[in-house]
Amino acid sequence: MILLRSSYKLLRLAAFLFFILHIQACNQNQSDSGTKDNRHSQSSYAHETVIRHARGFSIAYRDHYKLVSIVNQLGNAADTSRFILLDRGTKRPAGFSDVQIIEIPLRSLVATSSTHIGFLAFLNAEKTLTGLASLQYVFSPRVQQLIRDGKITEVGKDQGLNQEKLVEMHPDLVMTSGGTGGTGQYQLIRQAGIPVLPNSEWVENTPLARAEWVKLFAALLNQEKLVNEKFAALEKEYQSLSNLARKSPHKPAVLSGLNTKDAWFMPGGESYMARFFADAGANYPWSDTKNTGSLSLSFEAVYPAALQAEYWLNVGFDQHDSRQSVLAADARYADFQSFKSGKMYSYNNRVNAAGSNDFFESGTVSPQLVLADLIHILHPELLPAHSLFFYKKLP
């Protein structure tokens, strides 16, 4: 019996030791596996940026390259385009044979939207610009000077795109303005070895999300440290202003835009402009509509709410518009409370002689300034020292 008991104890001890060794081995294997995974995804970049607001793109940092994914927000969300932002002079990573390569830091960029100028200006990188769709509509004085110096070439867009000129220029990148499926006219450019990247910031439905596309430019330029500092500052200011407006008990009703050609295009309730109104402490009558773009309404559909709206924003498209010129377009505007009180504002305060409006250039990447303007208009007691930057009162 004594021998049997001793054998039983030895067996239990052996089983216990086997269990401990097995657990240690499993832990070691898991540790090795994790090390390999970490090594595979290891980033070689000292500074990275994180996307917090935008839904249209993402950036993953790896060893000597960045993987950028552009999501088609206009159609199938699964229709995603990927790009490798590859450190200049390094080897293309394995497993991405069908992905366009963009060598970074970018040295030359052809842009197709004035908004792209605003993003470059935010990063002090206007000199990267070597081509524009149109040289006429530029607000930035620095870019205008580059145009006068012959550093920027007009390339056209859509049906007027000068593909031969683009192939001759052979920029590091052509940035388009649209969804992932809207770059078919650039096939020849791609075949010439010039990458084409779609920028769809205009589809985003919050001001901070639209502005955050500047981080894509920063990734292309290896300017993550700069963009993190500057974007964090504007983000903090925007949220601080929004919190300030939220505390106001008065939420004035607002009207937006004008009736043109029998249609009044009003911002959808889920659009970035509706979000501006909400963050500025306004009561927007169409805030409950499920539309991220514009609503096409008749004058009669707008009229009841327009009669009572305290403020009329985004009035007029011409920098010379006035209350009388607006009234000349339709005498029924005289019935509006905002017309009678003169509380009518347009975003045409920064328009140059060529007709370029900075609201559509630097305004996208300066949402905190737009919001400060709106709060000053709607709640002057909250920001009494603020001077209107993008907006102005119609004379």
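**Entry 1. Basis**

I worked from a predicted model, in which local features need pLDDT of at least 70 and side-chain atom pairs count only at pLDDT 80 or more, while totals for chains, interfaces and linings use all residues. Residues are numbered from 1 along each chain as its sequence is written, and side-chain values use heavy atoms, with hydrogens and water left out.

**Entry 2. The chain as a whole**

I looked up the secondary structure and found 13 helices and 16 strands in the protein chain. Helices (H or I, at least four residues) and strands (E, at least two) are DSSP runs, numbered from the N terminus. I then looked up burial: of the 395 residues in the protein chain, 48% are buried. Buried means under 20% relative accessible area, exposed over 50%, and partly exposed in between, with a 1.4 Å probe and protein chains only. For contacts (heavy atoms within 4.5 Å), I noted that 59% of those between residues at least 6 apart in sequence join residues at least 24 apart.

**Entry 3. Helix H3**

I listed the buried residues of H3, which spans residues 141-148, as Val 143, Leu 146 and Ile 147. Seen down the helix axis, these buried residues fall within an arc of 100°, so they line one face of H3. The arc is taken over the directions from the helix axis to the C-beta atoms. For background, I recalled that an α-helix has 3.6 residues a turn, so residues three or four places apart point the same way. On the face of H3 turned away from the buried side, I found the exposed residues Pro 141 and Arg 148. The buried residues of H3 pack against helix H2 (114-122) and strand S6 (129-132). After H3 comes Gly 150, with a positive phi near 75°.

I checked the burial of H7 (residues 214-221) and found the helix mostly covered, with eight of its eight residues buried. Lys 215 is among these buried residues, as are Phe 217 and Leu 221. Just after H7, Asn 222 takes a positive phi of about 55°.

I next examined H2 against H7: the two helices pack at an angle of about 60°, with their axes 9 Å apart. Axes are lines fitted to C-alpha atoms, for helices over the stretch in contact, and angles run from 0 to 180 degrees between N-to-C directions. H2 and H7 are therefore oblique to each other. Angles under 35 degrees count as roughly parallel, over 145 as roughly antiparallel, 65 to 115 as roughly perpendicular and the rest as oblique. I recorded the crossing of H2 and H7 as right-handed. A crossing is left-handed if the near helix is turned anticlockwise from the far one by less than a right angle, and right-handed if clockwise. In this contact, H2 contributes His 116, Phe 119, Leu 120 and Phe 122, and H7 contributes Val 214, Phe 217 and Leu 221. I sorted the residues of the contact into six nonpolar, one polar and no charged. Ala, Val, Leu, Ile, Met, Phe, Trp, Tyr, Cys and Pro count as nonpolar, Asp, Glu, Lys and Arg as charged, and the others, Gly among them, as polar.

**Entry 4. Helices H8 and H13**

I found that the axes of H8 (residues 224-246) and H13 (residues 367-378) come within 9 Å and cross at roughly 20°. H8 and H13 are therefore roughly parallel to each other, and their crossing is left-handed. Residues making the contact include Leu 234, Tyr 238 and Ser 242 of H8 and Pro 367, Leu 371 and Ile 375 of H13. By class, I noted eight nonpolar, two polar and one charged residues.

Leaving aside neighbours within four places in sequence, Ser 242 is in contact with Asp 279 and Leu 371. Ser 242 and Phe 276 are 34 residues apart in sequence, and their C-alpha atoms are 9.1 Å apart.

**Entry 5. Backbone angles in loops**

- The peptide bond from Ile 104 to Pro 105 is cis, with omega near 0°; I placed Pro 105 in the loop between strands S4 (100-104) and S5 (109-111).
- His 64 has a positive phi near 70° and lies in the loop between strands S1 (57-61) and S2 (65-71). I recorded His 64 as partly exposed, at 36% relative accessibility.
- Asn 314 has a positive phi near 55° and lies in the loop between strand S14 (311-313) and helix H11 (323-329). I recorded Asn 314 as buried, with a relative accessible area of 5%.
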